[in-house]
Amino acid sequence: MKHVILRIAGTFGSGKTTAMREFMTRYPTTELRNSVNKIMGYKTDASSAGVNIPLYIVGKYDNICGGTDAIDKQQEIAARILKAHPLGHVLYEGALVSASGLAGAVTQAIHPTECDVYAFLDTPQDLCITRVEGRRAAKGNEKPFDPKNLIQKFESVVNCRRNLINEGTYDVRDIDHTNPHPQLLEIIREYENDR
């Protein structure tokens, strides 16, 4: 029985946070706070879906764009992942770690566990742009949106995916952005059942 470390990857607006929130809304979830009452992550009980080991979700989801992007350094993200990993399955996402490839601190820290999976959402770039524009409009931001940074991040994520695949020792999965939950759940079950 293995505990998976599952990165949900994609650019801004790809649906990473939505996919993660689905775990937190479908199953009983408890906030994990530090000694100064700061949210460090969440513990989720997905036993009703056939996952018997707890899920630990790294990052915080108290605003529209959740995940690990609120954590200052990749070393801190990696430390939280590695602290939770002996206790259960670990899920994390964020725009910054999505493009963290072979040289990234998080990738280098977790790869030696041999339990790391990189789940890339197949969201088209145009849809990501539309979603980000919608988020901005919902916040009342009427300033014209320049998608240049999003396009660069999209390309970085694509390059990260390709480099992980080409290296040959990384477990990279493509995830259907229209309904990611079943595929993500299956990856967790696969590891729990020791692949």
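## A walk around the sheet

Glu114 is exposed, with a relative accessible area of 58%; here exposed means over 50%, buried under 20% and partly exposed in between, using a 1.4 Å probe and protein chains only. The model is predicted, so local features need pLDDT of at least 70 and side-chain atom pairs count only at pLDDT 80 or more, while totals for chains, interfaces and linings use all residues. Residues are numbered from 1 along each chain as its sequence is written, and side-chain values use heavy atoms, with hydrogens and water left out.

Let us begin with the sheet. Seven strands form an open sheet with mixed pairing, in the order β2-β3-β4-β5-β1-β6-β7. Strands (E, at least two residues) and helices (H or I, at least four residues) are DSSP runs numbered from the N terminus, and two strands pair if DSSP finds at least two bridges between them. At the edges sit β2 (29–33) and β7 (171–175), each pairing on one side only. From one strand to the next, the twist averages 25 degrees.

Two pairings show both senses. Strands β3 (residues 39–44) and β4 (residues 55–58) run antiparallel and are joined by four bridges; Tyr42 has Ile57 in β4 as its bridge partner. By contrast, β6 and β7 pair in the parallel sense over five bridges, and Leu121 stands opposite Ile175 in β7. Although β7 is an edge strand, four of its five residues are buried, so β7 is largely enclosed by the rest of the structure.

Now for the helices. Helix α1 (residues 16–26) packs on the sheet, touching β1 (5–9), β2, β3, β4, β5 (89–93) and β6 (116–121), where contact means heavy atoms within 4.5 Å. The direction of α1 makes about 145 degrees with that of β5. Angles run from 0 to 180 degrees between N-to-C directions, with axes fitted to C-alpha atoms, for helices over the stretch in contact. Helix α7 (residues 180–192) lies across β1, β4, β5, β6 and β7, running at about 155 degrees to β7.

Which residues of α1 are buried? They are Lys16, Thr17, Ala19, Met20, Phe23 and Met24. These residues cover an arc of only 165 degrees around the axis, which puts them on the same side of α1; the arc is that of the directions from the helix axis to the C-beta atoms. Thr18 and Thr25 are exposed on the face of α1 turned away from its buried side.

Leaving aside neighbours within four places in sequence, His111 is in contact with Asp116, Thr169 and Tyr170.

| Residue | Relative accessible area | State |
|---|---|---|
| His111 | 18% | buried |
| Cys115 | 7% | buried |
| Cys128 | 0% | buried |

What is the disulfide count? The count comes to zero, a disulfide being a pair of cysteine sulfur atoms within 2.5 Å. For Cys115, the nearest cysteine sulfur is that of Cys160, 19 Å away.

Finally, a look at the backbone. Most residues other than glycine have a negative phi. Asn37, in the loop between β2 and β3, has a positive phi of about 70 degrees although it is not a glycine. Glu114 is not a glycine either, and its phi is positive at about 60 degrees.
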